[in-house]
Amino acid sequence: MFPSRLAIATGSGVRSTQAEAAISSMEVQLEMAEILLGLCAPDGHARVRAGACTAVWWSWPAPLEACATYHADAWVARDLALSWAHLYDGDIVGRAARLSLDALAARVEAAPKGARVGIATNLERIEEHVLLDIEASRSRTERPTRPDAIRRVPRAVLPGDVELTREQVLRTLSIPPVTLLEALEASAVPDDEWRSAETRAREIINETKAGAPTYEADVTSRKHVQFIERHAPYHVRRLSSGGVVLATHPYRTLWPLWADALFLLGITS
């Protein structure tokens, strides 16, 4: 899923790092979506309730910190409820994913008023949290007392984490699914830098398919990676089955998409 080199049409223009990064990002996102749907709904039936894709090496993270999530129905607020169960109660996401949305909402409701969790905003910070969770699982004071948990206390909020409160999660869970989906779709708008790069990227793709001379581009350079980290777009895909997929490139997380949607709905400031 992460080819380090791509054949790029020479064309008549100056080489564009942004266009090369956009081509790489578009290919990776397409493959990732196919794999996620192939595992969760290979024949279009909603047998799997929830799924996710992530570049984090250890486990399924909080859905807000994943790069893509699958929902068998339109209740995408499950992303927040599952994230709360993992971040506040210490649940292993893969185990908690089987719970109904009502059961997850009850877990959020059970937390004390004013309770909050920290959302990591980049992969490096997520991996830092993962290492701390591994330490917690071995700690006498923090290790879980049940087999479906990774720790028994809320995850520490580290400097730079974005805080999400119990009340904000409960307000989101009370919003009609259609309204929430519309806010997410309105937030999934590519920025100007991506639109410009994508236009050139599609020209290059067409030139390459037409048999134009090519050069080999290394798309793992820091400039390529930084462009993807900052500008890879978000996609809100409604499935014919009634399900929904939220996705971006694995170098990013879904949190910025959710943050913009929650702001649009007046839940966060």
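Helix α10 is followed by G266, whose phi is positive, near 75 degrees. Welcome to a short tour of this predicted model, in which local features need pLDDT of at least 70, side-chain atom pairs count only at pLDDT 80 or more, and totals for chains, interfaces and linings use all residues. Residues are numbered from 1 along each chain as its sequence is written, and side-chain values use heavy atoms, with hydrogens and water left out. Helices (H or I, at least four residues) and strands (E, at least two) are DSSP runs, numbered from the N terminus.

**Helix α10**

- Helix α10 spans residues 255-264, and its buried residues are W255, L257, W258, A261 and L262; buried means under 20% relative accessible area, exposed over 50%, and partly exposed in between (1.4 Å probe, protein chains only).
- F263 and L264 are exposed, on the face of α10 turned away from its buried side.

**Helix α4**

- In helix α4 (residues 101-110), the buried residues are L101, L104 and V108.
- Seen down the axis of α4, they fall within an arc of 65 degrees, so they line one face of the helix.
- A handy reminder here is that an α-helix has 3.6 residues a turn, so residues three or four places apart point the same way.
- The buried residues of α4 pack against α2 (78-87), α3 (93-96) and α6 (166-173), where contact means heavy atoms within 4.5 Å.
- D102 and A110 are exposed on the other side of α4.

**Salt bridges**

- The count comes to 20 salt bridges, each being a side-chain nitrogen of Lys or Arg within 4 Å of a carboxyl oxygen of Asp or Glu.
- D89 pairs with R107 in a salt bridge whose closest N and O atoms are 3.3 Å apart.
- This pair links distant parts of the chain, 18 residues apart, with D89 in the loop between α2 and α3 and R107 in helix α4.
- D89 counts as buried at 18% relative accessibility, while R107 counts as partly exposed at 24%.
- R146 forms a salt bridge with D91, the closest N and O atoms being 2.9 Å apart.
- Here, too, distant parts of the chain are linked, 55 residues apart: R146 is in the loop between α5 (123-138) and β5 (162-165), and D91 is in the loop between α2 and α3.
- R146 is partly exposed, with a relative accessible area of 30%, whereas D91 counts as buried at 2%.
- Salt bridges that share partners join D89, D91, R107, R146 and D148 into one network.

**T69 in strand β3**

- T69 lies in strand β3 (residues 68-71) and is buried, with a relative accessible area of 1%.
- The side chains of T69 and D79 make a polar contact (3.0 Å); the term covers a pair of N or O atoms within 3.5 Å, where within protein one must be able to donate a hydrogen and the other to accept it, and residues adjacent in sequence count only if both atoms are side-chain atoms.
- Not counting residues up to four places away in sequence, T69 touches several residues, including L36, G51, V244 and L254.

Notes. The arc is that of the directions from the helix axis to the C-beta atoms.
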